[in-house]
Amino acid sequence: MTQKGHCFRGLLTSACIILNVVAVGSYLLSIFSTKAALPVPAPRSPEQIIQSGCAYAGTLESLARKYKPTKFFPYLHTGYHRFYETFFEQYRSRPLRMLEIGLDSGAGTLMWKEYFPCVELFGIDSNTNTSGSMKAKTVARVFQGDQSNATFLKEFVKQSGGNFDIIVDDGGHSFLQQIVSYQVLFETALRPGGIYAIEDIESSFWDGGRMYGVKMLGGLDNPSTTYSKFKKVADVVNRKFHDNRYQVFGRVDLWVKGITFYPNLIILQKKSKVDRPYDAHYIYNKQVKGPAKYQGNEFSYGPSPFAPDTLDPNWKAARLAPNNFQAKYGPKAVPVFVWGYEDTRVLQ
């Protein structure tokens, strides 16, 4: 073949390679172009969200910046998003019931609705005709009433059905309002294992200032403030080590699993069936100082919301472990039979 023929074949080969490269490039470009041109998914109904497993997006901080409720921005004595995610994240992917006391601008209620895509929201406010309450009504069932009125709160529990996973008190912030709401709602409206939050406890430290028209006479050493009373709840949580009869709010104390203090915020956890066996007295009761020394041992039941030990009704008579201790009280038996008492109501 002549030199010209070799050159012609070489040109054809080069052209083929170039054409192939162009074809491959065009194919890849079509793939990425198609991917980029996919339509944005349409908004989903609540039923579709639940069917998809309550899919959610966005952090609490990002949603707080979007809706701007005052409990997060712009004040530097709030910023509760820093603390709530530790307790609330577990609820985002499932249906739940939530109560918010105090609706303000309504922005917080809208934020909760997006943060918890499967939430059934309820609200309480002293005035449901404000623009904030009207906005909240678009995503929540709103009740009008005084949170310091125990009769109103009990009626609310009856009408709403209670059984809330989360209760957030962002209401009037007076000591009376915060304490009465807690005394009624923690035991009767919060589901076992639920979370109860009291915001804006700054009012416990005000000295004569007015909040929503109510004069606050607080201070660090004032025993009647919300802050002072709930500090004692920490002693309730650990009372098996000093006095099993110690209490602050009466029967409500039986349900407290734990209490956490943050700046301007108190968060309480309610006991559930998994906490049931741990209401026993302290095993080393003879080693402690105080009434607990004489109030029983680990084989006698302590104060509990689930049931008193029928063999130890006064919570003070220590007794020896039964011969069939492992069979009766062992881990496998605990879910259905604990400390000689069974109550199917708390096992559901």
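User: A pocket is an open set of points on a 1 Å grid over the protein atoms alone, with protein on both sides within 12 Å along at least five of seven lines. Lining residues have an atom within 4 Å of a point. Which residues lie nearest the centre of the largest pocket?

Analyst: This is a predicted model, where local features need pLDDT of at least 70, side-chain atom pairs count only at pLDDT 80 or more, and totals for chains, interfaces and linings use all residues. Residues are numbered from 1 along each chain as its sequence is written, and side-chain values use heavy atoms, leaving out hydrogens and water. The largest pocket has 29 lining residues. Nearest its centre are D170, G171, G172, H173 and Y212.

User: What is the volume of the largest pocket?

Analyst: Grid points are joined across faces, edges and corners. A volume is the space filled by probe spheres set on those points. For the largest pocket that gives about 570 Å³.

User: How many residues of the pocket lining are polar?

Analyst: Ala, Val, Leu, Ile, Met, Phe, Trp, Tyr, Cys and Pro count as nonpolar, Asp, Glu, Lys and Arg as charged, and the others, Gly among them, as polar. The lining of the largest pocket holds 8 nonpolar and 8 charged residues. Its polar residues number 13.

User: How much space lies in the largest cavity?

Analyst: A cavity is a set of points where a 1.4 Å probe fits but cannot get out. The count comes to 1 cavity of 30 Å³ or more. Its lining includes P69, K71, E100 and D170. The space inside is about 70 Å³.

User: Which residues of helix 3 are buried?

Analyst: Helices (H or I, at least four residues) and strands (E, at least two) are DSSP runs, numbered from the N terminus. Buried means under 20% relative accessible area, with a 1.4 Å probe and protein chains only. In helix 3, residues 60–67, the buried ones are L60, L63 and A64.

User: Which residues have the most contacts inside the largest nonpolar core?

Analyst: A nonpolar core is a set of buried Ala, Val, Leu, Ile, Met, Phe, Trp, Tyr and Cys residues joined through side-chain atoms within 4.5 Å. The largest has 35 residues, and helix 8 (residues 175–188) gives the most, with 7. A second, separate core of 26 residues includes L63 and F73. In the largest core, the most contacts belong to L185 and L268.

User: Which residues does L185 touch?

Analyst: Residues up to four places away in sequence are not counted. That leaves L99, I101, L153, V157, I167, L190 and Y196.

User: What is the phi of D200?

Analyst: Most residues other than glycine have a negative phi. D200 sits in the loop between strand 5 (190–199) and strand 6 (207–211). At 10% relative accessibility, D200 is buried. D200 is not a glycine, yet its phi is positive, about 60 degrees.

User: Where is N264, which has a positive phi of about 70 degrees?

Analyst: N264 is not a glycine either. Its relative accessible area is 10%, so N264 counts as buried. Its place is the loop between strand 8 (256–262) and strand 9 (265–270).

How values were computed. Buried < 20%, exposed > 50% of the residue type's maximum accessible area, 1.4 Å probe, protein only. Contact = heavy atoms within 4.5 Å.
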